[in-house]
Amino acid sequence: MSIKYYAKISGTGMYVPDKVLTNFDLEKIVDTTDEWIRTRTGMSERHIASKDQAVSDLAYEATLKAIEAARIRNKDIDMIIVATVSSDHAFPSTACILQQKLGIRGFPAFDISAGCTGWIYAANIAKQYIEAGIAKNILIIGVEVLTKIINWKDRGTCVLFGDGAGATIISRAGERDISRFIDSELSADGTHYDLLIQKAGGSRMPATKETLEENLHTIYMEGNKIFKNAIRSMYSACDIVLKRNNLDVHSIDWLITHQANMRIIQALGKKLKIDNKKVIVNIEKYANTSAATIPIALDEAVRNGKIRHGDLVLLASFGAGLTSGSLLFRM
Ligand code: ACO
């Protein structure tokens, strides 16, 4: 008889750079107001990486905290998955650079590109490896330094993003452990791939003088076209896992969604009919850190005692691709 293994979250950590950029600071850079940003997005400030900080530096700091929380040693890690769209280099992967920083080697380390849904994609992959009995402690990280690929003259995007990293250790659960991953649903709709895109720098449009002059290496986003899709796709991902596990939304203790816009978070909460008090929000402090929003919010909620051992937690995200997904677990 084959043994059934389960995956659980055994440690979380986060890191944001020291420098804070407020809405009032942004008023001095582009034609915007604190009032517009707060009422349209719920954001008040965001953290910005320094000139010499890249994605792997943020990931490293968050990882040290997650390893400490999980009470494991660096050498206990047997896989690293980094979710990012702003990696140190186009190649090699940030996961390999992080592996070198941690002083470990000899196991798989790779990046995935799924936009803001990246951490949920990584968690889903980690779940499969743990449940198959192949890995015991997987380090997954959602990390971005999007402020380095922003067009600081485009008020429609530059006010929205911040930098940060959230690291999580996914471990094999003990036989009597109530903590475990229950279910996860991933999806993508590539018909809208061009709504959120970094157009130049890849093989479709290699870097030239013209691509630089036309700002094609920065984030291009048609935000209002993504808005409704975001609510619809996150609702669908949540609804599927709830139904598949015969769960009523009232049995969920905490909902954490991607922190892209307060109005999207509220609309999803309303559609799911979940009590507002169960919805964890930190968008005002960090803005949209893409793949890092969920693991950062998760780490904060664990450390401030909101999410406790045994709580039932539902996560949902959407992002570039357009990707979407959900994850249901007991802490
Ligand atoms: N300050 C002041 N005015 C602004 C600003 C700004 N920073 N940005 C846009 N405006 C103006 C526009 O020019 C427009 O003016 P007009 O009516 O005179 O033409 C007006 O505000 C309304 O613009 P909209 O784009 O329609 O504003 P909307 O209410 O849709 O908010 C936003 C824009 C915040 C981008 C919203 O659409 C959104 O959050 N969309 C989802 C974004 C998202 O979640 N992306 C995916 C995740 S990110 C990732 O994967 C990396």
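What share of the 331 residues in the chain is made up of buried residues? Buried residues, defined as those under 20% relative accessible area with a 1.4 Å probe and protein chains only, make up 55% of the chain. The model is predicted, so that local features need pLDDT of at least 70 and side-chain atom pairs count only at pLDDT 80 or more, while totals for chains, interfaces and linings use all residues. Residues are numbered from 1 along each chain as its sequence is written, and side-chain values use heavy atoms, with hydrogens and water left out.

The C-alpha atoms of the chain fill a box of roughly 60 × 45 × 35 Å, taken along the principal axes.

Among the polar contacts, which are pairs of N or O atoms within 3.5 Å, a backbone N or O atom of Arg155 lies 2.9 Å from a nitrogen atom of the ligand, and a polar side-chain atom of Trp36 lies 3.4 Å from a ligand nitrogen atom. A polar side-chain atom of Arg263 lies 3.0 Å from an oxygen atom of the ligand. Of the 1,000 Å² of accessible area (Shrake-Rupley method, 1.4 Å probe) that the ligand has on its own, the protein covers 73%.

How values were computed
Polar contact = N/O pair within 3.5 Å; in protein donor to acceptor, adjacent residues only side chain to side chain. Buried < 20%, exposed > 50% of the residue type's maximum accessible area, 1.4 Å probe, protein only.
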